[in-house]
Amino acid sequence: MHNCWKFCREEYPIDIVLGLEKLASIYKVVVEVDEQFVPSKIEICLGLGDNTLERNYKNARLAEFTEPVTMDFDGKQRIASRLEAKEAFMDSSGQYLWIIVHEPDDLVSNKQKKVGIKKVTILGYPLLDSEVATLNPKSKSGKEGKRKSSASSRASSASAQVKNPPPGRYSYSGDGMYTGNNALGGDPLTTVRLVKKVLKEKMEKADEDDREVESTVCKRATQRLAEYEKMLEELSQRRSNALVHNETQQV
């Protein structure tokens with residue numbers, strides 16, 4: 001967890017690169033911004049690089065990053081004078097977190113163009129050595145990194161798409177879902193609840209049979225699905241509210 005950054009810049013976006021102590025599977029990043037200096041949006045990418053190299057900005061540029069997950073902020077949408085934290089569902093593995101902070105939401109009252117981040121919380125778990133060996137790419141000497149530089153991100157609206165995202169990604173663009181023609185539920189929320197129920201039963205059976213690894217995997221998957229269930233419930237509520245107010249575009 002990282003706390004409190006404030007920036008005052010003429011040019012945006014701003015690049016922040018965090019190096020994790022260990023290569024980890026990250027399923028969610030939570031960002032809480034300063035209510036006085038709200039950015040218009042923040043993009044989050046997770047990078048996977050050579051785990052044998054030192055964690056620094058130079059080696060981060062050699063990593064391959066996932067497509068950005070975007071969090072849009074609106075300073076007017078406060079609850080009890082407080083702006084709610086935003087969540088980015090990553091479902092990917094890596095050791096670098098690339099945070100791209102865009103210009104302030106309100107340029108009229110914020111003449112100095114300040115933006116502030118109160119807290120960044122990274123939720124996930126460190127990978128085992130056996131898991132690292134299956135996905136850690138070896139960076140070649142002199143190879144140009146997949147990550148765009150700070151200057152290029154400003155020129156191209158911080159697009160961080162890569163041709164070969166690292167393994168471990170389970171959802172499309174971080175927060176979507178596809179339901180095919182199968183025996184699962186007809187809507188995403190029903191599907192998530194059904195799969196979560198099955199995994200919970202498998203976890204309990206694995207506990208009874210002393211299969212610790214299987215039980216742990218099921219537990220982690222169940223926790224992730226619980227996060228998605230909450231997100232889908234919120235989306236369903238927002239959709240219902242939009243229907244009541246005849247906001248077809250929002251629906």
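This is a predicted model: local features need pLDDT of at least 70, side-chain atom pairs count only at pLDDT 80 or more; totals for chains, interfaces and linings use all residues.

Residues are numbered from 1 along each chain as its sequence is written, and side-chain values use heavy atoms, with hydrogens and water left out.

Now colour by secondary structure, which comes to five helices and nine strands; helices (H or I, at least four residues) and strands (E, at least two) are DSSP runs, numbered from the N terminus. Read along the sequence, these elements follow the pattern β-β-β-α-β-β-β-β-β-β-α-α-α-α. Of the 251 residues in the protein, 40% are buried, a word that here stands for under 20% relative accessible area, with exposed for over 50% and partly exposed for what lies in between (1.4 Å probe, protein chains only).

Next, select Val31, Ile42, Ile44 and Ile99, the residues with the most contacts inside the largest nonpolar core, which has 27 residues. Such a core is a set of buried Ala, Val, Leu, Ile, Met, Phe, Trp, Tyr and Cys residues joined through side-chain atoms within 4.5 Å. Two or more residues of this core are given by each of β2 (14–33), β3 (41–48), β5 (69–72), β8 (86–101) and β9 (114–126), and β2 provides the largest share, nine residues. In soluble globular proteins, nonpolar side chains tend to be buried together. Stay with Ile99 and show what surrounds it: leaving aside neighbours within four places in sequence, its contacts include Trp5, Ile14, Leu18, Ile42, Ile44 and Val120.

Move to Cys8, in strand β1 (residues 2–8), which counts as partly exposed at 49% relative accessibility. Apart from neighbours within four places in sequence, Cys8 is in contact with Gln112, Lys113 and Lys114. Select Lys113, which is found in the loop between β8 and β9 and has a positive phi, near 55 degrees.

Asp91, in strand β8, has a positive phi of about 50 degrees although it is not a glycine, and Asp91 is buried, with a relative accessible area of 2%. The peptide bond from Tyr12 to Pro13 is cis, with omega near 10 degrees, and Pro13 is found in the loop between β1 and β2.

Finally, select helix α4 (residues 188–208) and helix α5 (residues 212–244), which pack at an angle of about 160 degrees with their axes 9 Å apart. The axes are lines fitted to C-alpha atoms, for helices over the stretch in contact, and angles run from 0 to 180 degrees between N-to-C directions. That makes α4 roughly antiparallel to α5, since angles over 145 degrees count as roughly antiparallel, under 35 as roughly parallel, 65 to 115 as roughly perpendicular and the rest as oblique. Among the residues that make the contact are Leu189, Val192 and Leu199 of α4 and Ala221, Leu225 and Leu232 of α5.

Key
Contact means heavy atoms within 4.5 Å.
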